[in-house]
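Biologist: Thanks for sitting down with me. Could you walk me through the aromatic rings and the sheet packing here?

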Amino acid sequence: MNHLPQAWGRPRDDVYGTYDRSYLQTSTPNSHTQSPAVTGTSVLAIKFNGGVAMAADKLASYGSLARFTDVKRIRVFDKTTVVGFGGDISDMQYIDRLLDSIDVEENYSSNGNTLNAKNVHTYLAKVLYKRRSKFDPLWNQILVAGFDDDSKPFLSSADLLGTTFSAPHLATGFGAHLAIPILRRLFPEEMPVENIGKEEAVAALRECMKVLFYRDARSLDQYSLAVVTSDGVELKEDEKLEAQSWNFAENIRGYGTQVN
Amino acid sequence: MFRNNYDNDSVTFSPQGRIFQVEYAQEAVKQGSVVVGIVSKTHAVLVGLKRNAEELSSYQKKVIAIDSHMGIAIAGLASDARVLSNFMKQQSLGSRLTYGRAIPLERIVLHIGDRAQTNTQHYGRRPYGVGLLIAGVDDSGPHLFEFQPSGMTQEMVACAIGARSQMARTYLEKNLEQFADCGRDQLIGHGLKALKETLSQDKELTVENTTVGIAGLAREGSVGKIENFKLYDGQDIVPLLEALEAATSGTEAVGAESMEVDS
């Protein structure tokens with residue numbers, strides 16, 4: 001009788017024949033997410049005097065297919081913080097559930113202790129870094145907006161690698177290429193955030209969303225817009241681009257089937 | 001012969017609805033030397049009387065800093081307290097790491113409360129033989145909590161646990177109204193006076209046997225929102241004892257005068 005440890009607990013070969021070891025293995029090695037599936041594109045956000053504004057369109061693409069057109073990619077946390085998600089939609093929904101559960105936990109004790117935007121951002125960055133270290137990343141870039149410990153406007157980013165950074169205006173995805181230069185021209189770096197009004201900031205975001213719709217083929221003309229101030233969060237989820245002008249399209253050369 | 005059959009483990013109720021092992025653990029708290037905690041609108045203070053096991057040994061720690069915003073005072077088995085305080089230190093560091101935030105006091109107190117309760121409901125385990133006073137500040141201001149081996153936790157305005165703590169509680173009850181508006185030094189003074197009440201005739205508060213920990217909201221104009229938990233031990237306690245001396249000798253002098261008038 002085989003007394004070696006690898007035979008323990010298995011049917012005896014001399015009675016039942018050789019054990020079919022192929023059952024012990026799966027045909028392929030375990031594999032983790034290697035690319036996102038259904039994705040959302042840009043999230044834009046900008047700090048202004050006394051708050052932060054954020055916008056993200058409502059499209060979820062499956063590759064280049066515009067799969068869902070009513071996906072809300074900005075969520076409110078604890079009435080004081082907004083979180084905007086670019087990247088994989090199912091991972092966004094998972095993180096959304098994580099945030100729901102810490103929100104519930106936090107509200108068990110109701111006496112004045114709350115997580116602010118900075119705390120939420122630290123938490124999300126830790127979650128994202130943990131997952132990338134498991135080689136199973138949550139495929140998102142996330143913007144968190146709200147207030148920090150000193151009640152000053154807070155805006156910061158965290159991505160699927162666990163990298164974090166912050167700036168007076170931030171954008172994910174295509175917006176990082178198209179919207180950031182526009183925002184930088186409107187609100188140069190040396191311009192203090194206190195000089196930027198709420199209306200001005202929101203108007204700039206709307207303008208950037210329009211440019212993104214013109215040029216980003218994975219974007220949509222419907223978007224969510226959130227404004228965080230000390231009064232709370234104002235989240236509008238039925239915004240539409242207005243006053244579009246496609247005249248410039250005639251002059252574009254080098255794409256499609258035109259000859260000259 | 002009569003034997004109590006209901007105190008062999010902490011999972012069996014007696015027919016009277018008591019769990020003897022838990023009650024015995026609470027006795028262990030009463031054997032520990034006394035600690036006092038008081039909270040005002042701005043500060044939370046812990047005061048403890050340290051004991052030395054023998055003349056030649058050092059004094060047992062009574063007040064332990066957990067994090068920069070909170071600390072605990074212990075009465076009972078010091079080794080059990082060490083396990084609990086290590087756990088609390090881990091929890092508060094965990095909160096700072098994952099959220100970048102000092103852990104709210106109520107949260108950490110409920111956590112150790114849950115741990116202690118589990119010990120009373122599993123066969124082969126025993127309750128912690130230690131009571132704690134947890135004091136500190138968080139976003140909702142200064143707090144003082146009491147923790148018992150049964151897993152019971154309560155928020156308190158003022159509290160004393162340990163040997164002869166009834167004397168301190170009597171003092172606290174008598175002066176209850178004053179605590180809310182006390183300043184930092186006054187609050188420490190009340191703590192030390194309450195501690196002094198518990199001393200037997202031949203004992204007094206000394207540099208060796210007195211320990212104080214205090215945390216609070218920062219004074220206006222200073223950096224940061226809170227005044228970090230500060231532990232006064234050994235020579236650091238001298239000014240506090242001198243202040244107590246000055247305060248009490250003042251009142252005693254008045255007492256002595258009136259005595260003379262009487263006779």
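Biologist: In this predicted model, how many residues apart are F20(B) and Y24(B) in helix α1 of chain B?

Modeller: Happy to start there. Both residues belong to helix α1 (residues 20–31) of chain B, and about one helical turn separates them. Their spacing along that helix is therefore four residues.

Biologist: What kind of aromatic pair do F20(B) and Y24(B) form?

Modeller: The ring centres of F20(B) and Y24(B) are 6.1 Å apart, with 35° between the planes. Planes under 30 degrees apart would count as stacked and over 60 as edge-to-face. At 35° the pair is tilted.

Biologist: Moving to chain A, how are the rings of F213(A) and W246(A) arranged?

Modeller: A search of the whole structure gives six aromatic pairs over all chains. For F213(A) and W246(A), the centres lie 5.9 Å apart and the planes meet at 80°. Because angles over 60 degrees fall in that class, the arrangement is edge-to-face.

Biologist: How far apart in sequence are the parts that this pair of F213(A) and W246(A) ties together?

Modeller: F213(A) sits in helix α5 (residues 198–215) of chain A, while W246(A) belongs to the segment after β13 (232–240) of chain A. W246(A) is partly exposed, at a relative accessible area of 40%. Ring pairs also link F213(A) and W246(A) with Y214(A) and F248(A) into a cluster. The parts tied together by the F213(A)–W246(A) pair are separated in sequence by 33 residues.

Biologist: Which strands are at the edges of the open sheet in chain A, β11 and which other?

Modeller: The sheet has five strands with antiparallel pairing, in the order β11-β2-β3-β12-β13 (chain A). An edge strand pairs on one side only, as β11 (169–171) of chain A does. Seven bridges join β12 (residues 222–229) of chain A to its antiparallel partner β13(A), where K236(A) stands opposite L225(A). The other edge strand is β13(A).

Conventions: Residues are numbered from 1 along each chain as its sequence is written. Chains are lettered from A and ligands numbered from 1 in the order in which they are written. This is a predicted model: local features need pLDDT of at least 70, side-chain atom pairs count only at pLDDT 80 or more; totals for chains, interfaces and linings use all residues. Side-chain values use heavy atoms; hydrogens and water are left out. Rings of Phe, Tyr and Trp (its six-membered ring) pair if their centres lie within 6.5 Å; planes under 30 degrees apart count as stacked, over 60 as edge-to-face and the rest as tilted. Helices (H or I, at least four residues) and strands (E, at least two) are DSSP runs, numbered from the N terminus. Buried means under 20% relative accessible area, exposed over 50%, partly exposed in between (1.4 Å probe, protein chains only). Two strands pair if DSSP finds at least two bridges between them.
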